[in-house]
Amino acid sequence: MLEAAMAIIEEHGEAGMRVRDVALRTGVSYASLYHFFGSREGLVLEAQTERYERELRWVYDELALRISACSTRDEFSDALSTMLHHTLEPSRMPYRLTRVNVLGSCQGRPDLGERVASAQRKANRAIAAALAKPQQVGWIRRDLDLEMFGAWLLGQLNGRLLVELDPHTTRSDAWNRISMQATLGVLMDPAPTGPFGA
């Protein structure tokens, strides 16, 4: 039921998700749908939450996989660059769009906002866990708050949509280079100075 609801949201948007269509796709009765989800809104909340969590999970699993076997700082830097390059590929645009779509759906919906915030905290912790060893061995800055780095990283990855949605932009490769330089700079450069520095 959840998979069918997510597929319909992907195809027709949240407004186009009807309980009748989910029931038809799954062969499940309306009564069963309402039993499990309480209402159409309950089904939408579950579907949107799952869409967001899956996209975050892909990013932090990819990060953990790429850096888990690294034994040197150079290997770590290369693995991180490869992961970022893969994550920023144009083919990943639909997934970024999914995350931004769900974030937009939180407007005026505190229940969904709480679920998304919980998924985001989990993702931030997963990114921090993946980066704990590199931080402990000194490959990245020891003063960096890894959970907040995770939140920042996901935010800037989502931000690539700002150039992807413009059909006249021909410099998305430049955006990727800036993104990768910024990410590596935040992780590996000395602590910044100034009002927001350590």
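Helices (H or I, at least four residues) and strands (E, at least two) are DSSP runs, numbered from the N terminus. On that basis the chain has 10 helices and zero strands, and from the N terminus on its elements simply run α-α-α-α-α-α-α-α-α-α. This is a predicted model, in which local features need pLDDT of at least 70 and side-chain atom pairs count only at pLDDT 80 or more, while totals for chains, interfaces and linings use all residues. Residues are numbered from 1 along each chain as its sequence is written, and side-chain values use heavy atoms, with hydrogens and water left out.

Some overall figures come next. The C-alpha trace spans about 60 × 40 × 35 Å along its principal axes. Of the 198 residues, 42% count as buried; buried means under 20% relative accessible area, exposed over 50%, and partly exposed in between (1.4 Å probe, protein chains only). Contact means heavy atoms within 4.5 Å, and among contacts between residues at least 6 apart in sequence, 66% join residues at least 24 apart.

Now for the inside. A nonpolar core is a set of buried Ala, Val, Leu, Ile, Met, Phe, Trp, Tyr and Cys residues joined through side-chain atoms within 4.5 Å. The largest one here has 36 residues, and those with the most contacts inside it are Leu 63, Ile 67, Phe 76, Ile 127, Leu 131 and Leu 187. Two or more residues of this core come from each of α4 (40-68), α5 (73-87), α7 (110-136), α8 (146-158) and α10 (172-188), and α7 gives the most, with eight residues. Leu 131 shows how the pieces meet: leaving aside neighbours within four places in sequence, Leu 131 is in contact with Leu 63, Ile 67, Phe 76, Ile 140, Leu 146, Phe 149 and Leu 187. A second, separate core of 14 residues includes Ala 5, Met 6, Ile 8 and Val 22. In soluble globular proteins, nonpolar side chains tend to be buried together.

Helix α1 (residues 2-12) has its own buried set, made up of Ala 4, Ala 5, Met 6, Ile 8 and Ile 9. These buried residues pack against α2 (19-26) and α4. Just after α1, Gly 13 takes a positive phi of about 85°.

Back in helix α7 sits Asn 124. Asn 124 is buried, with a relative accessible area of 5%.

Rings of Phe, Tyr and Trp (its six-membered ring) pair if their centres lie within 6.5 Å; planes under 30 degrees apart count as stacked, over 60 as edge-to-face and the rest as tilted. The structure holds two such pairs. Phe 149 and Trp 152 form a tilted one, 5.7 Å centre to centre with 40° between the planes. Both lie in helix α8, three residues apart, about one turn of the helix. Phe 149 is buried, at a relative accessible area of 4%, whereas Trp 152 is partly exposed, at 34%.

Finally, Ser 81 is found in helix α5. Ser 81 touches Met 180 and Leu 184, residues up to four places away in sequence not being counted. Ser 81 and Gln 48 are 33 residues apart in sequence and 30 Å apart in space, C-alpha to C-alpha.
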